[in-house]
Structure formats: C-alpha cells, structure tokens
Amino acid sequence: MSKLDNLIKQINKDYKEEIAFNGNDAALMKYELVPFSSPRINYMMYGGLPMGRMIEFAGAERSGKTTTALDMAKNCQIKFRKEFEESKEPDKVLRKVCFVDAENTFDVEWATKLGVNVEDLILIKPQEQYAEQIFDIMKAVVETGEVGLIVLDSVAQLVSKQASEGDMEQKTYGGIAMSLTKFCNIVVPLLGKYNCMCIMINQVREDLSNPYNQFITPGGRGFKHNCSVRLMFQQGDFLDVNYKKLNRGCENPAGNLVNVRIEKSKVCRSDRRLGFYTLNYLQGIDYINDMIDVLLQMGYIIQNGSYFTLCDIETGEILMDNDGKEMKVQGKTNLYKLFKEDQEFYENYTKNISYN
C-alpha cells in the first residue's frame, strides 16, 4: 500500500467518516433521482431531482412553486415507503418529509389532492421565530437522519434577528443573506451525509438597480452558489377542460401550464433548459397529457394529421392490435382516453422510457 493510500485510510480513521476516496470509489457514488409526476419536467431534468442536494424553486406568485414542491413531497413519500417495505434491516426507519411553512399558507386540501399523505408529513409552522431560529430547527431536523426531504416555504418570508428586534423604521442591510449563507455552508454537507433533499422556495423582486435584469431573488449570492439545481417558475397559458389555450382574460379556466426554466444545474446537462407541465385545478398535475407530449417528442408516437400511431418503446416498431393492424388512434382526445381508461396498458407502455 502506498503512502497516499495509507494517508487516505488514516484521514477516514481520524475523522470517523468516509470523506476521502480513491477515484474508482468516488465514481461509484452516484446520486439518486426522485422523479416529478410530470414526464415533461422529468424529460427536462433527465429523470428528476437529486437526493442529498440543495435546490431552489423561484418565481412570482401563482407560478407553481409550492405545487411542484408538494408534488415532489408526494413522490418522496412513495419512494421512502417502498424503501422501508423492501428493506431487510431490522432497525430501518421510515424516512419522513418535513414542510416548514414560514408563510403560514399550507393548504391541506390542495396537498391531499396532489397526492401528499398529510398524516405522514412533519409540518412546522413558525410563529414569531426569526430566520436564524428557523435555520437552527431545519439543521436539527436534517441531523436526525430520519428526514429525506425538507421544504422551506419561503426564503423571502424570513426575517433576520436584527430586523426582528429593531423597530419598523430602522434600516437593515443584507436581509437574511448572511445567516442563509452560513446555514447553507453548514447544512449542504449534512444533506449529502444523510442523503436528504432540501427544497428552498423563493420569490422574485423587481431589481430597480439594474435596467437589464428585471427580477432578482432574495437570499444573496452565497445561497445561489450552494444550490445544485435552481428552477425558475412562471404561470403559463390558461387551459379549458380539453386543454385548449384560452386568453388571459378568461373567466373560468380548468387549468394552466406551468413554465419551468433551468437557471442552474450541476446534476444534468442544461441542453433542455425550458419546459412546462399541465396543471388541472381539479385533478392536480395531468401526467397523462404530459406523457403524450413526451412520447411525441421522443418519436414513440407518430402523428400523421389527426392520427396517432403507437410504436414499441424497446424496438421502435409500430404496435399491432389484436386484429394484426397498426395501432392507430384518431384525435389526441381519444389517445388521452385510451391511456386514461386503460391504466394497465399505460403503465406497461411507458415503464421502459429513459429520459437520458
């Protein structure tokens, strides 16, 4: 064994943690991905969001930030439950999802509609706590090692200790940037250690000092540097019940598109920077409508006029029906019905899709 190998071994022994690796060992340390419910966003992000990382969701009001975070909470709960049931370890603990509701706007009905198991959710609703205290609570939650996802809604709502203890007329500088940067510097390594994802929901503010950059997000630059993924959300077109686009002045939309832009990604290529998903106000995220769009984009469904021909995802050959004819469907509405009504066919058809 070389001197360097002995040193690596000694470093891990001294700090009682595996912090030094040989290149071959480090290459095996791949991060897990948790998918979104929308295949469109999974396609954009090459599969989903990574565990063990800091992530920012930013955007204006009604842009879909909290809805997307709740969707990720649902999928994390499914993942953690499956891991727990399949584990053979006697001391295995079911990991939880923690939601820190600093805005005090958590909607139980909407979260349930999106599929979140609210009874299995750890909900923290700060009252008069300032930012530093909330960060201490979040750090303690991560250090338990029993939480796989923690969501903060939202960064812009937090008030620093300095601003909290001063009067209304007192000017403060920097906001929560210093405490947030310190929190990130401490917690980001802990997220990797305990394989916990942290989603920080943020808002946008007008940047009056820069005529070329209309909007800015609170929290400072240190926070942005600590995030592995930064997604910017924007409310898209309104939709009717058949998902046709409506004008902005419509009275009763059935849903809307949620536009998503990758501002930063250190876990996947950024060649798919723009995407969107379909939000139905009664059903939540319409994964079937989004899946049809992805299948069309990937070439697994071929559109010829109003007809849609289905191809085998593994071989690329055109699927045949029971009569030996090409499997064709006329109209996107009928194609949607096929996937919606025959859930078994939908799951079998889409299970082998790779977003890479």
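I take contact to mean heavy atoms within 4.5 Å. I take helices (H or I, at least four residues) and strands (E, at least two) as DSSP runs, numbered from the N terminus.

**Entry 1: the model**

I am working with a predicted model, in which local features need pLDDT of at least 70, side-chain atom pairs count only at pLDDT 80 or more, and totals for chains, interfaces and linings use all residues. I number residues from 1 along each chain as its sequence is written, and side-chain values use heavy atoms, with hydrogens and water left out.

**Entry 2: the whole chain**

I looked up the secondary structure of the protein chain and noted 12 helices and 17 strands. The C-alpha atoms fill a box of roughly 70 × 65 × 45 Å, taken along the principal axes. Of the 356 residues, 45% are buried (under 20% relative accessible area; exposed is over 50% and partly exposed is in between, with a 1.4 Å probe and protein chains only). Among contacts with a separation of 6 or more, 64% are between residues 24 or more positions apart.

**Entry 3: α6 and α8**

I noted that two packed helices are described by the angle between their axes and the distance between the axes. Helix α6 covers residues 131-143 and helix α8 covers residues 177-194; their axes are 10 Å apart, at an angle of about 10°. (Axes are lines fitted to C-alpha atoms, for helices over the stretch in contact, and angles run from 0 to 180 degrees between N-to-C directions.) I therefore record α6 and α8 as roughly parallel (angles under 35 degrees; over 145 is roughly antiparallel, 65 to 115 roughly perpendicular and the rest oblique). From α6, the residues in the contact are A131, E132, F135, M138, K139, V142 and E143, and they meet S179, L180, F183, I186, V187, L190, L191 and Y194 of α8. By class, I find 11 nonpolar, 1 polar and 3 charged residues in this contact. (Ala, Val, Leu, Ile, Met, Phe, Trp, Tyr, Cys and Pro count as nonpolar, Asp, Glu, Lys and Arg as charged, and the others, Gly among them, as polar.)

Is Y277 buried or exposed? Y277 has 2% relative accessibility and so counts as buried. T278 is buried too, at 0%.

Which side chain makes a polar contact with the side chain of Y277? The side chain of T68 does, at 2.8 Å (a polar contact is a pair of N or O atoms within 3.5 Å; within protein, one must be able to donate a hydrogen and the other to accept it, and residues adjacent in sequence count only if both atoms are side-chain atoms). The side chain of T278 makes a polar contact with that of D290, at 2.7 Å. Y277 and S38 are 239 residues apart along the chain, yet their C-alpha atoms are separated by 6.2 Å.

In helix α11, residues 332-341, I noted L335, Y336 and F339 as buried. Seen down the axis, the buried residues of α11 fall within an arc of 100°, so they line one face of the helix (the arc is that of the directions from the helix axis to the C-beta atoms). The face turned away carries the exposed residues T333 and E341. The cover over the buried residues of α11 includes α10, β15, β16, β17 and α12.

The axes of α11 and α12 come within 5 Å and cross at roughly 100°, and the two helices are therefore roughly perpendicular. In this contact I listed L338, F339, K340 and E341 of α11 with Q343, F345, Y346 and Y349 of α12. These residues divide into 5 nonpolar, 1 polar and 2 charged.
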